[in-house]
Amino acid sequence: MNDLYQNIYQSRPPVIDGLLYPGTYLFAGAPKVGKSFLMAQLAYHVSTGLPLWDYPVHKGTVLYLALEDDHRRLQGRLYRMFGTEGTNDLLFAVYAKQLGVGLEEQLKKFVREHPDTKLIIIDTLQKIREAGGDKYSYANDYEVVGKLKRFADDCGVCLLLVHHTRKQQADDKFDMISGTNGLAGAADGAFLLQDDMRKPFGSPPPRRSFFPRARDATMGFEYRPVR
């Protein structure tokens, strides 16, 4: 115990003050609720250093694995959100290898080539899961996120894993995250994005509620996404 106390451990600065820190986090929400739009917004602000909702952002390189998109759809989304204001520090890929068969090596190579990397987004977690095996056991879920967490911890980056929620309601909102508790158990935290209500076509955009459950995150709030 005394030896532990005598060691000095270097702290890792936040990516977004009060919200996002180095580590591995689930980011879950229902289909079409706006997860990819919010991920693009986070990615853009971190890559430019612009404040997000008046919270300070620490600028760095961002890798966004948009694995459910193609380049055309990705281009259209970004143009709708940000116009022609681009940045060289936000990089995209629409294909990546799966976990256990090359993904870790791809991510480590990226960080070596971009040592100022602060944020990596994998959209979605399901796209990089290993094929075969007992996919939906607690042990498998824990191992999947555990492998990604080891990478994030070793490289000192923030890794966001986009995932889905179940349709069934739960007393604890975070129990709606699809899969077993092994996913959240292995991660450093989780974020949940929910519609306050579904509205008819043509209505004003609904408010989204954004709930964090992470070691260092301190806020939950409502917002209207940039779309």
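Me: Before we look at the residues, what do buried, exposed and partly exposed stand for?
Reply: Buried means under 20% relative accessible area, exposed means over 50%, and partly exposed is in between, using a 1.4 Å probe and protein chains only. This is a predicted model, in which local features need pLDDT of at least 70, side-chain atom pairs count only at pLDDT 80 or more, and totals for chains, interfaces and linings use all residues. Residues are numbered from 1 along each chain as its sequence is written, and side-chain values use heavy atoms, with hydrogens and water left out.

Me: What makes D153 and K149 a salt bridge?
Reply: A salt bridge is a side-chain nitrogen of Lys or Arg within 4 Å of a carboxyl oxygen of Asp or Glu. For D153 and K149 the closest N and O atoms are 2.9 Å apart, so the pair meets that limit. Both residues are in helix 6 (residues 138-155), 4 residues apart, which means about one helical turn separates them. Helices here are DSSP runs of H or I with at least four residues, strands are runs of E with at least two, and both are numbered from the N terminus.

Me: How do you know that K149 also pairs with D188?
Reply: The closest N and O atoms of K149 and D188 are 2.9 Å apart, so the pair falls within the 4 Å of the definition. This bridge links distant parts of the chain, with K149 in helix 6 and D188 in the loop between helix 7 (182-186) and strand 6 (189-195). The two are 39 residues apart in sequence, yet 8.2 Å apart in space, C-alpha to C-alpha. D188 has a relative accessible area of 10%, so it is buried.

Me: Which residues are linked in a network of salt bridges?
Reply: D69, R73 and R77 are. Between D69 and R73 the closest N and O atoms are 2.9 Å apart. D69, at 11% relative accessibility, counts as buried, while R73, at 40%, counts as partly exposed. R77 lies in helix 3 (residues 71-82) and is buried at 10%. Leaving out residues up to four places away in sequence, R77 touches S36, F37 and D69, where contact means heavy atoms within 4.5 Å. A search of the whole structure finds 7 salt bridges.

Me: What makes the link between R129 and N140 a polar contact?
Reply: A polar contact is a pair of N or O atoms within 3.5 Å; within protein, one must be able to donate a hydrogen and the other to accept it, and residues adjacent in sequence count only if both atoms are side-chain atoms. The side chains of R129 and N140 are joined at 2.6 Å, so the distance is inside that limit. R129 sits in the loop between helix 5 (125-128) and helix 6 and is buried, with a relative accessible area of 4%.

Me: Why are the buried residues of helix 4 said to line one face?
Reply: The buried residues of helix 4 (residues 103-113) are L103, E104, L107, F110 and V111. Seen down the helix axis, they fall within an arc of 125 degrees, so they line one face. That arc is taken from the directions from the helix axis to the C-beta atoms. These residues pack against strand 2 (61-66), strand 3 (90-93), strand 4 (117-123), helix 5 and helix 6.
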